[in-house]
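Please look over the sequence and the model shown below.

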Amino acid sequence: MSATAEQLVTLHPQVYRGDALPPVRALGTGIAALDGLLPGGGFPRGRIAELHGPMAGGRMTLALHLIRHALDRGERAAVVDLPGTFVPPETWNGGMPPAQGEPDAPRGTAAGRAPAGSPPDLDAERLLIGRPADLQQALRAVGILTRSRQWGLVLLDLTGAPRMPSAAWLQRVGSDIRSADTVLLLLHARPVSPLGSPITLRLHVQRRLTEAGRALRVRVAKNKLAPPEGSVDLPFASPGVPHA
Amino acid sequence: MPENSTPPLPFAPSTPPATSTAVPTGTPLRRVACVRIPAPHLAFYLRARRGAALPPTALLDEAGLVRAASREARQAGVEPGMTRKQAEAMAPHVRFDALDPHAEAAEWERLALLLGRFSPTVEKAEEAGVFYLDAHGLGRLYPSLREYLAHIRFTLQGEGYQPRVAVAGSRFAARAATHLNEIHVVPPGRDPVALAPLPLALLPLSPGLRETFAALGLRALGDLTAIPVAELEARFGREGIEAVRLAQGEDPTPLRPFATPELAAVELALDGPLEQGDAVRFLLANLANRLIDILNRRGLACEEARLVLRLDDRSEQTLAIEPAAPTLSARLLADLAFLALERNPLPAPILHARLEAARAGAAAPDQRVLFVERGDPDRAELAVARLRNLLGDEAVLRPRRVAAWRPEQRVRWEEYQERRLPPRDPSSFRRPREGRTAGTFTSRSAVESDADGAGRFLRDEGLRLCAPPLPVQVRVDAGGRPVWCQSAWAWGPLARVEGPERIGGDWWSTPYERDYYRIDWPGGAGAWIFLDRLANAWYLHGIYD
């Protein structure tokens, strides 16, 4: 470090030195190994984060953990579902016992009982799903949700969108949520990277198939709050067949 | 009826309810419940001050006479009926305050509305803080009358009162039985026995007869009922007979149901036609402010409002406004009305507007609002209304799990309604991981990095469901298992195949037979496919993402 920089740090200890970051309010994913990689132990609140990766790369899996964690904390969560393919995991994962009074199990069917270790249902009372007709509607819907500052997590699924949100829109939404507790999470196949992007955190997600089973590799591609380093392999808890 | 159909209450009686107190179902016996708030004026006064510790206090009515006095004031010699001067002479240190009869009357009305949850017939007695409820025929709702009374008491305790509740065969008997215990059930037909030890002062007697009874040494209701009726009639006439009947619990007076107060409505005639636009906001704000003011003074909150607009083309438009929870927020009501107007454009300018409360309920106590829910539910509700205006009702949804065998039928999409949910138990929140800062992991396995086992695995797996399922090309081996698959975004030989999971059914309507497989390509992409055994065709039902 040059003498001038040394003097600056000595005179103004609050100047960034790389090891003294301001405290970050964050929404964790509940996965310790991943939260350890993220600033403040999760996705920073009041910021825009992004998950990108190939189609079927595991972005929704990671987003579901974040949704569950927000709902478990009593916060509201919203999914602006542009492709219209979102389903809560419990509707297919772990089978479905028939309700009382319903017909008996269809013949030849395996017992429709949730396997041990299945995660509990999402708290659907606080989960809002918006299904916009096009990208413009999706962006306006996100604007409404973030301006209200009442949602802990707003997920914008841009999978299959013809184009990306503009830099101006990102700046505007970024300033809307800056002082709020909201995490705005974008899902897309390729990174949204306009000039001067206000996206604080960008994770690259990729599914992997190993001898041990299925896993998700998450790599921190951008982090404005800490050095963007690290990746982690997260195995799936129940690699078995989903019960139909 | 199951004994455990209702959750245990924190003040549940230690003794189990006698079998004779079970709610009679289908029996013609009359059962009346009485709710009595002891020292109602003081109770109301204390509640308004959030139960803060009071110095010795006496409450004065409009004539300047002491109407109620706290225990300390009574111990100092202050008695109801004294003038202020007399009371001051007895106890100079006592604090005097004036009763607010209007606020009190509004409060008893509010409680009567609240008690409407427990019986179709509720009477607000003329005596302050006393209510009667028809407790007959509630056997399907409560396992016993004791439990029923416990629920009532619990509810009123939540409102800041400590009521005494009882059930007996008549109004008088129930009212008198509230002096026996905090919760008391008089078994059917046992009214005279239960009331016998109670003081004679509970009877509504003329002063002369009261003095005579006292002179004769009659102290308890049982003393009166022990006298032969013929002798009482011969000496005291009709009044004596009525007194002994009451003492035996015979009170034929029917319940007088409490009528819901007339709901409020406000209107505004405009000088000229008003086009739909921002100016309408001011009109709606004016109406909403006035309406909420009226409801607030009655201790009510708006559950549903109706906006009736008379238009320039002589037509009339009516819009329903339903807040998610009873509200006293004029701003919320005005904003919801404005958003409703945005969704239903008017064919002509407005000439006359009327806003009326279609339904109103008891307003929640102010102190509860702080703990209703995190954040500002009004703002959330407005955001949902705006979202609905933008996307349409059918596109603002909430998933609901449905018991069904076909995977595509296991979720039902319901219209999202912002609801005031009870606060979450903070202990149920998962604790955030501590001591984690900007990470330094590099290509490490999560299993290795987290030896304590917490949060090591991904519990949920994302699936994008294809609706309807999409046809795919699949090659199978000799055993019929897929070995190669081509979909829109991945194709090639499969690295891993799990299944089949066979389902079938609905033979009586639209039969189906499917073999489900979970497949993975070598690159990691995964899918959920099935063989339609009836059509012998393969379909892609979901993509793991």
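This is a predicted model: local features need pLDDT of at least 70, side-chain atom pairs count only at pLDDT 80 or more; totals for chains, interfaces and linings use all residues.

## Chain A overall

Chain A holds 5 helices and 10 strands, and of its 244 residues 59% count as buried. Among the contacts in chain A with a separation of 6 or more, 69% are accounted for by residues 24 or more positions apart.

## A positive patch on the surface

Arginines from chains A and B gather on the surface in a patch of positive charge, made up of Arg147(A), Arg149(A), Arg172(A), Arg379(B) and Arg386(B). One of these, Arg172(A), belongs to helix H5 of chain A, which covers residues 167-177. Its relative accessible area is 48%, so Arg172(A) is classed as partly exposed, and this value lies over the 30% that a residue needs in order to be part of a patch.

## A salt bridge between the chains

Side chains of opposite charge can pair when their charged atoms come close. Over all chains, the count comes to 40 salt bridges. In one of them the side chains of Glu498(B) and Arg214(A) meet, at 3.0 Å from N to O. Because Glu498(B) lies in strand S20 of chain B (residues 496-505) and Arg214(A) in strand S9 of chain A (residues 213-223), this pair joins two chains. Both partners are on the buried side of the 20% cut-off, since the relative accessible area is 12% for Glu498(B) and 4% for Arg214(A).

## Salt bridges within chain B

Asp520(B) and Arg518(B) form a salt bridge in which the closest N and O atoms are 4.0 Å apart. Asp520(B) is buried, with a relative accessible area of 0%, and Arg518(B) likewise counts as buried, at 1%. Through salt bridges that share partners, Arg207(A), Arg214(A), Glu461(B), Arg496(B), Glu498(B), Arg518(B) and Asp520(B) are joined into one network.

A further salt bridge is found between Arg533(B) and Glu513(B), whose closest N and O atoms are 3.5 Å apart. This pair links distant parts of the chain, 20 residues apart, with Arg533(B) in the loop between strand S22 (526-532) and strand S23 (537-544) of chain B, and Glu513(B) in strand S21 (residues 512-520). Arg533(B) is partly exposed, with a relative accessible area of 34%, whereas Glu513(B) counts as buried at 18%.

How values were computed:
Residues are numbered from 1 along each chain as its sequence is written. Chains are lettered from A and ligands numbered from 1 in the order in which they are written. Side-chain values use heavy atoms; hydrogens and water are left out. Patches are made of residues with over 30% relative accessible area and no salt bridge: like charges are joined within 9 Å, nonpolar side chains (Val, Leu, Ile, Met, Phe, Trp, Tyr) within 5 Å. Accessible areas come from the Shrake-Rupley method with a 1.4 Å probe; for residues, only the protein chains shown count as cover. Lys and Arg count as positive and Asp and Glu as negative; His and the chain ends are not counted. The place of a charge is taken as NZ of Lys, CZ of Arg, CG of Asp or CD of Glu. Helices (H or I, at least four residues) and strands (E, at least two) are DSSP runs, numbered from the N terminus. Buried means under 20% relative accessible area, exposed over 50%, partly exposed in between (1.4 Å probe, protein chains only). Contact means heavy atoms within 4.5 Å.
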